[in-house]
Amino acid sequence: MPLNVCSPMSGPLIEVDFTMNKSKKKKLLIGGGIALVIIILVIVNLTRSSESTVTVSTDKVKEGRLISLVTASGRVQPKTEVQISANVSGEIVSLPVVEGQRVAKGDLLVQLDPRQYDASVRQSQAGYDAALANLRLEEANLAEATLVKDRAQSLFDKGLTSKENYDAAMTRFTTTQASVEAAKSRAQQAKAAVDQARESLGYTTIRSPIDGYVTDLRSEMGEIVMGSLNYQASVIMVVSDLSEIEVEVEVDETDIGQVALDQEVRIELDAMPDTSFKGVVTEIGNSAQVSNLGMQDQVTNFMVTILVADSVPNLKPGMTATCDITTDRRTNALKIPIGAVVLRDEDILRKKDEEAKPESSASLGVSDAVADTDAGGTDDDESDISNRKKTIEGVFVIRDKRAKFVPVATGIADQQDIEITAGLQKDDEIVTGPFRTLRTLEDGDLIKVEESAKKGDKEQS
């Protein structure tokens, strides 16, 4: 019977059932494997999606010109400036110049009242004349005493006069001779008094010592000025040679080491906006100018003198100027924004560098950078260094959508960019901001580039 499972005909039916069971098991295994893969992918995706993504702005390492500048502010002043003051005190009776007037060397600037000093000249001259008259009298007495001495000498030699008369004649000659010497000294003293009185009289007339302009007139007609012979002199006016103009600026102590003589300078004047002039460094001060000494906001500057090389019309002393001193320049430097360079803890970077496999790259390794930093250290410094947190300078480079900290060596810098001498290559994409993000960004962080940065890269390409 066909439905009898025990009949010989039931053998093939049992075989069919066994084949169908093996097929089901195979399908179950394949389905389970696919489900396992799906689960793993889901877990991986969930894990990746749980990792925080940092949004950053980026830029590429560029090659171009780089100029290192030191910026300082100061005031315009003439190279040659003379403060005109009086040597003697007196009233101004003539003031033939006005502020801004051009004067030549020897021109009359100020006339003081000369009457007092003229009287002193006449008085001292009279004393000198009296001293000369007294000298002539003493010389006449000396001539007479000489004759008496000679006569007494002759008579004494012949025994015709006494020793007493001879001694009296010799004494008179000696005293008269001394009187002549004293009279000569008094005459010389009187002559010196005359010279001094005449010199003081000459000081009442003040003339220009240079060719220039009256840049500052501080006194008026009828004013009493103090002289420098007995008091602190009053400055009557200032005469300046405006053919050569300088700018004296204060350079911070952190920048003064970069400044040298003959360096080029770009000068901007507040009174002449949108215009710049050329200059050159001519003098660097050696003495520090310290303000707020001993206070928290103490500032130490050094004076630097810059000669204006261009001819600038209407340039006035006292104008405010800003000077950009060119301390160094590069023509084909690898450069990045200054803000992209950050500091990171050296110990943490060393551990990560040891754990990672060495990669063939042109970048400067962390261990190499640490070695360069430690090179030159002495045993005396080890205790201080060990107690101090060590940092290393570097840049975050984008690799496989992650931030990779790369130590760099830097060179000169301008106001925006800094030179990279080792660690990066041209067109490397680096993280440039935002500033808050760079402060906390760590090596290996997953990053996302801002859309604005992507659009900027497409426009540049």
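**Figure 1. The largest nonpolar core of the predicted model.** Among the 25 residues of the largest nonpolar core, Val251, Ile267, Leu269 and Ile306 touch the most other members. A nonpolar core is a set of buried Ala, Val, Leu, Ile, Met, Phe, Trp, Tyr and Cys residues joined through side-chain atoms within 4.5 Å. Buried denotes under 20% relative accessible area, exposed over 50%, and partly exposed the range in between, with a 1.4 Å probe and protein chains only. Two or more residues of this core come from each of β2 (62–85), β9 (235–252), β10, β11, β12 and β13 (320–337). Helices (H or I, at least four residues) and strands (E, at least two) are DSSP runs, numbered from the N terminus. Apart from this core lies another, of 19 residues, which includes Val88, Val110, Val214 and Val239. With neighbours within four places in sequence left aside, Leu269 is in contact with Val76, Thr275, Phe277, Val312, Leu315, Thr320 and Ala321; contact means heavy atoms within 4.5 Å. This is a predicted model, in which local features need pLDDT of at least 70 and side-chain atom pairs count only at pLDDT 80 or more, while totals for chains, interfaces and linings use all residues. Residues are numbered from 1 along each chain as its sequence is written, and side-chain values use heavy atoms, with hydrogens and water left out.

Figure 2. Strands β10 (residues 264–269) and β11 (residues 272–291) run antiparallel and are joined by 6 bridges; two strands pair if DSSP finds at least two bridges between them. On β11, antiparallel pairing with β12 (residues 299–308) extends over 9 bridges. Within β12, Val299 stands opposite Ser291.

**Figure 3. The open sheet β6-β5-β3-β8.** Four strands form an open sheet in the order β6-β5-β3-β8, and their pairing is antiparallel. The edges are held by β6 (205–207) and β8 (224–225), each of which has a single partner strand, so one side of each lacks a neighbour in the sheet. Between β3 (residues 90–94) and β5 (residues 108–112), the antiparallel pairing comprises 2 bridges. Ser94 has Gln111 of β5 as its bridge partner.

**Figure 4. The loop residue Ser219.** Ser219 belongs to the loop between β7 (212–217) and β8. Its relative accessibility is 2%, so Ser219 counts as buried. Beyond its neighbours within four places in sequence, Ser219 is in contact with Ile92, Leu95, Val225, Val235 and Ile236. Ile92 is 127 residues from Ser219 along the chain, and their C-alpha atoms are separated by 8.6 Å.

Figure 5. Helix α2 (residues 115–158) has 44 residues and reaches 65 Å from its first C-alpha to its last, close to the 64 Å expected at 1.5 Å a residue. That expected span is 1.5 Å times one less than the number of residues. The buried residues of α2 include Tyr117, Val121, Tyr128, Leu135, Leu142 and Lys149. Packing of the buried α2 residues is against α3 (163–202). An α-helix has 3.6 residues a turn, so residues three or four places apart point the same way. Just after α2, Gly159 adopts a positive phi of about 75°. Lys149 lies over the face of Phe173, at 4.4 Å from the ring centre; the criterion is NZ of Lys or CZ of Arg within 6 Å of the ring centre and within 35 degrees of the ring normal.

**Figure 6. Aromatic pairs.** The model contains 2 aromatic pairs, defined for rings of Phe, Tyr and Trp (its six-membered ring) whose centres lie within 6.5 Å, with planes under 30 degrees apart counted as stacked, over 60 as edge-to-face and the rest as tilted. Phe156 and Tyr166 are stacked, at 4.6 Å centre to centre and 15° between the planes. Phe156 lies in helix α2 and Tyr166 in helix α3, so this pair ties together parts that are 10 residues apart in sequence. Phe156 is partly exposed at 30% relative accessibility, whereas Tyr166 is buried, with a relative accessible area of 14%. The pair of Phe396 and Phe405 is edge-to-face, at 5.4 Å centre to centre and 70° between the planes. Phe396 is buried at 1% relative accessibility, and Phe405 is buried at 4%.
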